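Please read them with the model open.

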Amino acid sequence: MRRHSLRVLDLAVVVAGVGLLQLIIGRLIVPHWQPAPGKTPADWHAQLAWVSSFMRHFMGVLAPAVMVAQAVHILLRGDVLARPIAIVVTSLTGLAAAALMLAAFGALPDRAGVAVELVAAVATLAIAVALMSTRADVVARVAVLFAVLPIALHVTAALGALDVTDVLPGFKPWHERVLESAQWSIAVLGLAAPFLFGPRPLSTAVLHPIPMVATVLISGAAPILVRRRFDLASEIAGRGFGVQLHEPSGADVMWLLALLGMVWTMTSCLVSRQPGRRAVAVGLALWTVAGYSFQWPYLIATSTLGFLILLEAVPEASTDEGAAVAAARLGRASAGPPVDAGAWRGYAEALTTQLGSGSVGLTDSRCEIHLADGVEITHVTGKRTGMAVSLTLSRDSVGIQSIVLTCGDDVPVESPAWTLAVRSRGLSGGAAQPPLSSGKPVKTGDATFDSRFVVHDADGATAKLLDDGLRARATAILDGWIALWPKRSLRWVITPGKQGVPANQPIALASLTAPDATEPLLRLVDLITTIATRAQLPAG
C-alpha cells in the first residue's frame, strides 16, 4: 500500500510467510510423523519439532506486534478512518495484542484462554465495523463483516463448552453444532471469494493466465487426494486449517470449490497491477495460514492482522480500480480524433508565456516537449522570486496522465514534514495519496477547508503556509496533494481522471485553442507557488 514507511505491509508478508512454514512443519509434518508413545523420535523429527516450537513463539511476538503497528499506521494516516473510530480500533487492537502475546508465552492461566479469544474477537468485530464506515466497495465491506461470523461462532462454542457436563448418547452438544455452522460459513466465504475480493472488473481478471494455471493445478490434485487418500486429506484440512472432514461425501465438492475460490482470488489479487488489490492478497493469505482451529494465540493474532490489513487495503483497491476503470472508459470515449499536436504545442507555448507575464511572474521561463516510452512530456521551467519552478505535464493518447509542479530543489527520498491532500469524495473517487508524512494530522479551524483536505504537519508550518485567503483559494480550486520538505522542496501532484478529479480539469483537451484555456492551470500554479514562497525554499 502506498503510504507505508518501512512498511507494515512488508512485515505482514513476513508473518504470512513464517505462518505458512509453521503450518507445513508444525501443523502437518511434525504431527504426521510423530512416533508412537515410548519410541524415540528420529533426529530430523526432533530438529523439526524444535524449529516448529521456535517459530510458534516467534510468531507469538511478531504477529501481535505487527497488529499494533498496522493499527497505529491507520490511526496516523488520518484518511482511512475518522479519528474517533481509529482510536477505538487502535485501543482494542492493542489490548488484544497484549493478551495474545502474554498467552503465547504462558503468562496467563489456562482458564483465561477463552477470555483472550473473546477480547480478540471483539477487536476483530470492531475492525470489520470500522471498515463499514469507509468508502470501499460495498460488497467487500459486507464480506469482511460476514468473515467475523465464524470467529464469533467459535468464541460462542468455546464459551458453551465450559458448561457442558453430560451429553446423551447419540446427541451432539450444542456447542459442537455451532462449530459445524461456523465451518459452513467459512465454506460459503471461500465459494464467494472471487466475487467478494477478486480484482475488478472480474471479466478481465478471469483471463489472467497465472491464477488460471494455479486453479487448474489445484483442481486436478485436490480431488485425487480426497478420493485416494481421504485420511491424509482430512488430516491436512483438520490440522492445517481447522476444517473437519468427517467422511467422504458430496460435501467434499463444496469444500473443493471453496478451496479453488480462495486459490484463484489470492493469486489473481497477487498479480494485480493495483497496490491495494495486492495488499488484499496479503490479508487473505493471513486468514488462510491462520486457519480456523485457533489452537495457539499466534493463529488468532495472524487472523486479526489479516482483518487489519484488509481495513486499509479494501478501500485502496476500490479507489485504484475505480480510477483504472474510469481511465479505460475515458480512453474508449476519446478514441475519436486524437489531440492535434499543433493545438497542444500552442497551448504549451501560451501557458509558458502567461506564466511569465501574469501573476505568477516566472522569469527565464522556457518550454520543452519530448517523448518518453509513448508518453509526451511537456516541461516548463522558470523562477519565481529566485525560487526554481518546474512544471511537468504527461500526456498520452487517452489524456493527461499527471501534472507535477516542483518548487525548490529536487525532492529528497525521506518523508515530507508537511502534506496536504484532498479527502475522499465518496463513491465517485478516492482520496489523494501523498507520501507518508512524518507529521500528525492537524486541523486549521476552518471548517470548510478541513472538510475538504487532510493536513499532516510535523513542524507547525500550517499557519505560516496557509492564511485565510490561501485556504479559501485552495478550497475553491485545488485537487491532488502537496508535500513539503522544509527548506528544500515542495511538490504538487494531480492525476486528472483519477482519485475523483475530473478528466478535463485543469486542462480541457477538447478546447485547447480557447482564449481562456490556460486559465485553470495558471490559477493553480499561482496558488502552489505562492504557498512555496512562504516555505522559504532555496533559490535556484
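**Notes on the predicted model**

1. The crossing of helices H13 and H17 is right-handed. The model is a predicted one, and the points below should be read as such. H13 covers residues 341–357 and H17 covers residues 519–534. Their axes come within 11 Å and cross at roughly 40 degrees. Angles under 35 degrees would count as roughly parallel, and 65 to 115 as roughly perpendicular; H13 and H17 are therefore oblique to each other. In general, two packed helices are described by the angle between their axes and the distance between the axes.

2. Leu 478 sits in the loop that links helix H16 (468–477) to strand E8 (481–485). Is Leu 478 buried or exposed? With a relative accessible area of 1%, Leu 478 is buried, since the cut-off for that term is under 20%.

3. Leu 478 also pairs up in space with Leu 524. The C-alpha atoms of these two residues are 6.8 Å apart, although 46 residues separate them in sequence.

4. On the surface there is a nonpolar patch made of Leu 125, Val 129, Met 132, Val 138, Val 142 and Leu 145. Together these side chains' residues have about 450 Å² of accessible area. Which helices supply the patch? Helix H4 (113–132) and helix H5 (138–161) each contribute at least two of its residues.

5. Leu 145, one of the patch residues, lies in helix H5. Its relative accessible area is 31%, so Leu 145 is partly exposed. Membership of a patch requires over 30%.

Conventions: Residues are numbered from 1 along each chain as its sequence is written. This is a predicted model: local features need pLDDT of at least 70, side-chain atom pairs count only at pLDDT 80 or more; totals for chains, interfaces and linings use all residues. Side-chain values use heavy atoms; hydrogens and water are left out. Patches are made of residues with over 30% relative accessible area and no salt bridge: like charges are joined within 9 Å, nonpolar side chains (Val, Leu, Ile, Met, Phe, Trp, Tyr) within 5 Å. Accessible areas come from the Shrake-Rupley method with a 1.4 Å probe; for residues, only the protein chains shown count as cover. A salt bridge is a side-chain nitrogen of Lys or Arg within 4 Å of a carboxyl oxygen of Asp or Glu. Helices (H or I, at least four residues) and strands (E, at least two) are DSSP runs, numbered from the N terminus. Buried means under 20% relative accessible area, exposed over 50%, partly exposed in between (1.4 Å probe, protein chains only). Axes are lines fitted to C-alpha atoms, for helices over the stretch in contact, and angles run from 0 to 180 degrees between N-to-C directions. Angles under 35 degrees count as roughly parallel, over 145 as roughly antiparallel, 65 to 115 as roughly perpendicular and the rest as oblique. A crossing is left-handed if the near helix is turned anticlockwise from the far one by less than a right angle, and right-handed if clockwise.
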